[in-house]
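This report walks through selected local features of one protein chain. The sequence and structure come first.

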Amino acid sequence: MQINFLDSSTLHRGDLDFSPFEKYGSLTFHDTTSPYQVLDHAAGAEVVVTNKVPFSADTLAQLPDLKLILIAATGFNHIDLEAAKERGIPVCNVAGYSTSAVAQHVFALLLNLVTSANRYGAEIQTWHQSPIFTHLDHPVTELADKTLGIVGLGETGSAVARIAEAFGLSVQALAREGATSTSRNRVGKEEFFATSDIISLHCPLNPDTEKLINAETLGLMKPTALLINTGRGALIDEPALAKALHEDQIAGAGLDVLSVEPPSLENPLLSPELRAKNLLITPHTAWTAIEARQRLLDGLLGNLEAWLNGEPDNQVN
């Protein structure tokens, strides 16, 4: 069996062992695959592994040998699921592998914002010039007794809630139509945005949540509020957030995702002035802990083995 990894650099092969796949077939690794290279890089493969490489109906029609698509991620909106189903090609993803890593990253961003640790760390070379033993140039606040508002109480949102309570934060969730009841306090939109000291986004991206953070919702937030996004970049109207930060409408933001990745230099959130406005951006690294990537690799192998046994696991189509 021929197994082709189309964008293996997204898993960083250097610190992961792919050899367990070799007992099932011949492996071919492509570090990256552009949309124009898909047919060439997937040609002859019975199984392809892809993180972000798109598969349209037209592409699938030109790959007669393809029998299984393994997604090295949770999201699958880059695959034409109906076309794959029509051709009898199961599409399997791996969910939940990065919960702990992403929850951890939420607090890496948040703690930098409330302690200014990243700012002070960048100024350590000038400490010897201080007339006093400390620096008081950047604001430092405590998390205890503040309110964390969570949008999306799935696995990751719930993990963030548990960590938040250990810091002495109270937790509330945005009440959304169709949401299952939980022990968490759920509040309506206006109350949620007006009373949350910190808002962390963990909901799926869909027509109802796209640009959930916009001029209206930012206008409801406290001027001392912080925004964290480790979910999907398009949950935020980026020009609206840039304007809100420029005008001190909110106190800061920590983002691990942007609407287009890698971003264009024209993205308003990449403005150098905004870094001084308490904006912290990391390049979609929340999920990349070695333990999380190992779980992802294990999930891919498990999906392959289940398919070979006639019972495709984690099938999304």
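## Helix H9 and its cover

Helix H9 spans residues 238-246, and its buried residues are Glu238, Ala240, Leu241, Ala242, Ala244 and Leu245. Buried means under 20% relative accessible area, exposed over 50%, and partly exposed in between, with a 1.4 Å probe and protein chains only. Helices (H or I, at least four residues) and strands (E, at least two) are DSSP runs, numbered from the N terminus. The cover over the buried residues of H9 includes helix H8 (215-220), strand S10 (226-229), strand S11 (252-255), helix H10 (272-275) and S12. Contact means heavy atoms within 4.5 Å.

The model is predicted: local features need pLDDT of at least 70, side-chain atom pairs count only at pLDDT 80 or more, and totals for chains, interfaces and linings use all residues. Residues are numbered from 1 along each chain as its sequence is written, and side-chain values use heavy atoms, with hydrogens and water left out.

## Positive phi values

H9 is followed by aspartate 248, which has a positive phi. The value is near 55°, in a residue other than glycine. Aspartate 248 sits in the loop between H9 and S11. Its relative accessible area is 48%, so aspartate 248 is partly exposed.

Serine 116 also has a positive phi near 55°, and is likewise not a glycine. Serine 116 belongs to the loop between H4 and H5. Is serine 116 buried or exposed? With 1% relative accessibility, serine 116 counts as buried.

## Prolines between S11 and H10

Glutamate 261 and proline 262 are joined by a cis peptide bond, with omega about -5°. Proline 262 is in the loop between S11 and H10.

Proline 263 is found in the loop between S11 and H10. Its relative accessible area of 34% makes proline 263 partly exposed. Setting aside neighbours within four places in sequence, proline 263 is in contact with Leu258 and Leu270. Proline 312 is 49 residues from proline 263 along the chain, and their C-alpha atoms are separated by 35 Å.

## Histidine 138

Where is histidine 138 found? Histidine 138 lies in the loop between helix H5 (117-122) and strand S6 (147-151). Its side chain makes a polar contact of 2.7 Å with the side chain of glutamate 123. A polar contact is a pair of N or O atoms within 3.5 Å; within protein, one must be able to donate a hydrogen and the other to accept it, and residues adjacent in sequence count only if both atoms are side-chain atoms.

Residues up to four places away in sequence aside, histidine 138 touches Ser116, Arg119, Tyr120 and Glu123.

## Aromatic pairs

Rings of Phe, Tyr and Trp (its six-membered ring) pair if their centres lie within 6.5 Å; planes under 30 degrees apart count as stacked, over 60 as edge-to-face and the rest as tilted. The count by this rule is 8 aromatic pairs. In one of them, the ring centres of phenylalanine 5 and phenylalanine 21 are 5.5 Å apart and the planes stand at 85°, so the pair is edge-to-face. Phenylalanine 5 is in strand S1 (residues 2-5) and phenylalanine 21 in the loop between S1 and strand S2 (26-29), so the pair ties together parts 16 residues apart in sequence. Both phenylalanine 5 and phenylalanine 21 are buried.

Tyrosine 97 and tryptophan 287 form an edge-to-face pair, at 6.4 Å centre to centre and 85° between the planes. Tyrosine 97 is in the loop between strand S5 (91-92) and helix H4 (99-115), and tryptophan 287 in the loop between strand S12 (279-281) and helix H11 (290-308), so the pair ties together parts 190 residues apart in sequence. Tyrosine 97 counts as buried at 9% relative accessibility. Tryptophan 287 counts as buried at 15%. One aromatic cluster is formed by Phe5, Phe18, Phe21 and Phe29.

## Cavity and pocket

On a 1 Å grid over the protein atoms alone, a cavity is a set of points where a 1.4 Å probe fits but cannot get out, and a pocket is an open set with protein on both sides within 12 Å along at least five of seven lines; lining residues have an atom within 4 Å of a point. Grid points are joined across faces, edges and corners, and a volume is the space filled by probe spheres set on the points.

The structure holds 1 cavity of 30 Å³ or more. The largest cavity has a volume of about 30 Å³. Its lining includes Phe5, Asp7, Val49 and Ala72. The second largest pocket has a volume of about 240 Å³. Its lining has 14 residues, with Val114, Thr141, Thr224, Leu226 and Ala251 nearest the centre.
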